[in-house]
Amino acid sequence: VQLQASGGGLVQAGGSLRLSCAASGNTGSIVSMGWYRQAVGKQRELVAKISRGGVTNYADSVKGRFTISRDNAQITTYLQMSSLKPEDTAVYLCNAEIQILSGLAPYDNWGQGTLVTVSS
């Protein structure tokens, strides 16, 4: 599975951005898709995730401000980010959890990062 992320950029605090992550290849093996972020000097953290069944999971710091969704073909995942804060500044990485066969342990597949910069 290949992941292509897009949509980062520079925005003022309080603004909005939408990130997209398009999957290609063996997309039927995707268990979940999500976004992580890594700020300078900090560890990578989960931002939001959506499972094949549509269950979503958010970091506490983004609840109520960010929304993860996907298209019906479950090929493209979107992260709508609103009320952005300077502390949201980070490289955002698209992630897909892959399970080739049931019974095998899933593994993480990563796309390239996209930089989100929120100015105060």
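Methionine 33 touches Leu3, Cys21, Ala23, Lys49, Ile50, Ile68, Gln74, Ile75, Thr77, Cys94, Asn95 and Ala96, leaving out residues up to four places away in sequence. Contact here means heavy atoms within 4.5 Å. The model is predicted: local features need pLDDT of at least 70, side-chain atom pairs count only at pLDDT 80 or more, and totals for chains, interfaces and linings use all residues. Residues are numbered from 1 along each chain as its sequence is written, and side-chain values use heavy atoms, with hydrogens and water left out.

**Core**

Met33 is also among the residues that touch the most other members of the largest nonpolar core, together with Trp35, Val47, Phe66, Leu79, Met81 and Tyr92; this core has 28 residues. A nonpolar core is a set of buried Ala, Val, Leu, Ile, Met, Phe, Trp, Tyr and Cys residues joined through side-chain atoms within 4.5 Å. Buried stands for under 20% relative accessible area, exposed for over 50%, and partly exposed for values in between (1.4 Å probe, protein chains only). At least two residues of this core come from each of β1 (2-6), β3 (17-24), β4 (30-38), β5 (45-51), β7 (66-70), β8 (76-81), β9 (90-98) and β10 (107-119). The strand that gives the most is β9, with 5 residues. Strands (E, at least two residues) are DSSP runs, numbered from the N terminus.

**Sheets**

Two strands pair if DSSP finds at least two bridges between them. Axes are lines fitted to C-alpha atoms, and angles run from 0 to 180 degrees between N-to-C directions.

A second open sheet is built of 4 strands in the order β1-β3-β8-β7, with antiparallel pairing. Its edge strands, β1 and β7, each pair on one side only. On average, neighbouring strands of this sheet are turned by 15° against each other, direction ignored.

| Strand pair | Sense | Bridges |
|---|---|---|
| β4 and β5 | antiparallel | 6 bridges |
| β2 and β10 | parallel | 4 bridges |
| β9 and β10 | antiparallel | 8 bridges |
| β7 and β8 | antiparallel | 5 bridges |

Individual bridge partners can be named for these pairs. Glycine 9 stands opposite valine 116 in β10. Arginine 70 has threonine 77 in β8 as its bridge partner.

**Valine 116**

Valine 116 lies in strand β10 and counts as buried, at 0% relative accessibility. Apart from neighbours within four places in sequence, valine 116 is in contact with Gly8, Gly9, Leu17, Leu19, Met81, Asp88, Thr89, Ala90 and Tyr92. Valine 116 and alanine 39 are 77 residues apart in sequence, and their C-alpha atoms are 9.7 Å apart in space.

**Cavity**

Rolling a probe the size of a water molecule over the atoms shows where empty space is left. A search of the whole structure finds 1 cavity of 30 Å³ or more. The largest cavity has a volume of about 60 Å³. A cavity is a set of points, on a 1 Å grid over the protein atoms alone, where a 1.4 Å probe fits but cannot get out; lining residues have an atom within 4 Å of a point. Volume is the space filled by probe spheres set on the points, with grid points joined across faces, edges and corners.

The lining of the largest cavity consists of Ile30, Val31, Ser32, Met33, Ile50, Ser51, Arg52, Arg70, Gln74 and Thr77. β4 and β5 are the elements that give two or more residues to this lining, and β4 gives the most, with 4 residues.

**Loop residues**

Serine 83 is found in the loop between β8 and β9. Serine 83 has a positive phi of about 50° although it is not a glycine, and it is partly exposed, with a relative accessible area of 41%. Asparagine 72 is placed in the loop between β7 and β8 and is exposed, with a relative accessible area of 82%. Asparagine 72 and isoleucine 98 are 26 residues apart in sequence and 18 Å apart in space, C-alpha to C-alpha.

Methods. 1 Å grid on protein atoms, 1.4 Å probe; cavity = no way out; pocket = protein on both sides within 12 Å on 5 of 7 lines; lining within 4 Å.
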